[in-house]
Amino acid sequence: MANLHLHDSFNFLRKLTPRRLYNASKVLLSYYLSKWLKRPVQWGLPFTISVEPTTACNLRCPECPSGLRAFTRPTGNLKADFFRRMLAELHRDLLFLIFYFQGEPYINPDFLEMVAHAHQQGIYTITSTNGHFLSMENARRTVTSGLDRLIISVDGATQEVYEQYRKSGKLEVVLQGARNVVACKRALGSRTPHIIFQVLVVRPNEHQIPDIFRLAQEIGVDEVKLKTAQVYDYEQGNPLIPLNPRYARYALHADGTYRIKNKLLNHCWKLWHACVITWDGVVVPCCFDKDASHRLGSLQENTFRAIWHGKKYQAFRKQLLGGRKNINICTNCTEGCKVWAE
């Protein structure tokens, strides 16, 4: 798979521009300056943005607000015209555009149209899907949209194991969808999208990781990535926490309780280089704020630049630098705690 990684890397590098590199340099410098000064300094604009195509999902995964239908915030679909207005302000500085936050992106009927628009702006585009909507027609449209990276959740090598987390899901539908995208790439002579099988490693599926690698190779998938699972009720243990500590975000202590592995350092790279925009234009700090409880501004009311450099954002960065343990979405955060396949 080494050559496939090279193709993907080259595809990203050719989208770089002097302006994007200059903006990224400013962001990086301001982040390290903020760590040193212990007060927020923010130069430039984020070079990674996640936009939420929809909050709807066809599955009922037990640790997901979309699957549990547990949002308190409004739900809906991102509108294509609103997305174009948003991107008009941001596209010259963006390196990555991630079409995912909560929900299943392919449920939004305008999703691939928005991908194609971002592709026309020369932005590296990514989405994450549960794989149930990759019919041959959608697979063809995915390839022709110019999508650069397609992450497909494959959390088991058999239906019995897969459905223990992906409630209401059908593994064979997912695998056939992956085959459809591979076939369309070959038929159209396209090297994109770079297809990744992403495994959310939980106790029911950890023994099937080698089988998932085998399936990926058989189908022609470009890469497999392993991701640790966020569990909300973990202190007293949880049947989803893997037995192999390499795959767990949480460590078992002598008193029988579990604690998150990583230390809550009082800085966070995401607050300087990335952000999340909900389907209705609310700007939130990161993907851990699933219910948009930390609303830093709305693109329905203000420009992104005004929000990014505004008082609310700076106050949130200042609070984080003063103590992440006091911010609820930071206490179960796994920055630097993910497990990736070699």
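I started with Leu95, which lies in the loop between helix 4 and strand 2 (96-99). I am working from a predicted model. Is Leu95 buried or exposed? Its relative accessible area is 10%, so I put Leu95 down as buried. The cut-off for buried is under 20%.

Next I looked up what Leu95 touches. I left aside its neighbours within four places in sequence. Leu95 is then in contact with Phe12, Leu16, Arg20, Ala24, Phe47, Ile123 and Tyr124. I also checked Leu95 against Pro46. The two are 49 residues apart in sequence. In space, their C-alpha atoms are 8.8 Å apart.

**Confidence**

The protein has a mean pLDDT of 90. Of its residues, 93% reach 70 or more. One stretch needs a caution: over residues 336-342 the pLDDT is below 50. In the model, this stretch has 18 contacts beyond near neighbours in sequence.

**Helix 5: what is buried**

I turned to helix 5, residues 111-120. Which residues of helix 5 are buried? I listed Phe111, Leu112, Met114, Val115, His117 and Ala118. What covers them? The cover includes helix 4, strand 2, strand 3 (124-129) and helix 6. Just after helix 5 comes Gly122, with a positive phi of about 75°.

Two packed helices are described by the angle between their axes and the distance between the axes. I looked up both for each pair.

Helix 4 covers residues 80-90. Helix 4 and helix 5 pack at an angle of about 20°. Their axes are 10 Å apart. Angles under 35 degrees count as roughly parallel. Helix 4 and helix 5 are therefore roughly parallel to each other. The crossing of helix 4 and helix 5 is right-handed.

Which residues meet here? From helix 4, I noted Ala80, Phe83, Arg84 and Leu87. From helix 5, I noted Glu113, Met114, His117 and Ala118. By class, this contact of helix 4 with helix 5 has five nonpolar residues, one polar and two charged.

**Helix 5 with helix 6**

Helix 6 covers residues 136-145. Helix 5 and helix 6 pack at an angle of about 20°, and their axes are 9 Å apart. That angle makes helix 5 roughly parallel to helix 6. The crossing of helix 5 and helix 6 is left-handed.

Leu112, Val115, Ala116 and His119 make the contact from helix 5. Asn138, Arg141, Thr142 and Ser145 make it from helix 6. I sorted the contact of helix 5 with helix 6 by class: three nonpolar, four polar and one charged.

I went on to single residues with backbone values worth a note. Ser168 has a phi near 75°, a positive value in a residue other than glycine. Where is Ser168? I found Ser168 in the loop between helix 7 (159-165) and helix 8. Its relative accessibility is 53%, so Ser168 counts as exposed. The cut-off for exposed is over 50%.

Ala292 is not a glycine, yet its phi is positive, at about 55°. I placed Ala292 in the loop between strand 10 (282-284) and strand 11 (297-298). Is Ala292 buried or exposed? At 3% relative accessibility, Ala292 counts as buried.

Then I looked at a peptide bond. The one from Thr192 to Pro193 is cis, and its omega is near 0°. Pro193 sits in the loop between helix 8 (171-188) and strand 5 (194-201).

**Two last residues**

I looked up Ser50, which lies in strand 1 (residues 48-51). Ser50 counts as buried, because its relative accessibility is 11%. Again I left aside neighbours within four places in sequence. Ser50 is then in contact with Ile98, Tyr100, Cys275, Val276 and Ile277.

How exposed is Arg214? Its relative accessible area is 40%, so I wrote Arg214 down as partly exposed. I also checked Arg214 against Asp8. They are 206 residues apart in sequence. From C-alpha to C-alpha, Arg214 and Asp8 are 21 Å apart in space.

Terms used:
Residues numbered from 1 in each chain as written. Predicted model: local features only at pLDDT ≥ 70, side-chain atom pairs only at ≥ 80, totals over all residues. Heavy atoms only, no water. pLDDT = per-residue confidence, 0-100. Contact = heavy atoms within 4.5 Å. Axes fitted to C-alpha atoms, helices over the stretch in contact; angles between N-to-C directions. Helix = DSSP H or I, 4+ residues; strand = E, 2+ residues; numbered from the N terminus. Parallel < 35°, antiparallel > 145°, perpendicular 65-115°, else oblique. Left-handed = near helix turned anticlockwise from the far one by under 90°. Nonpolar A, V, L, I, M, F, W, Y, C, P; charged D, E, K, R; others polar. Buried < 20%, exposed > 50% of the residue type's maximum accessible area, 1.4 Å probe, protein only.
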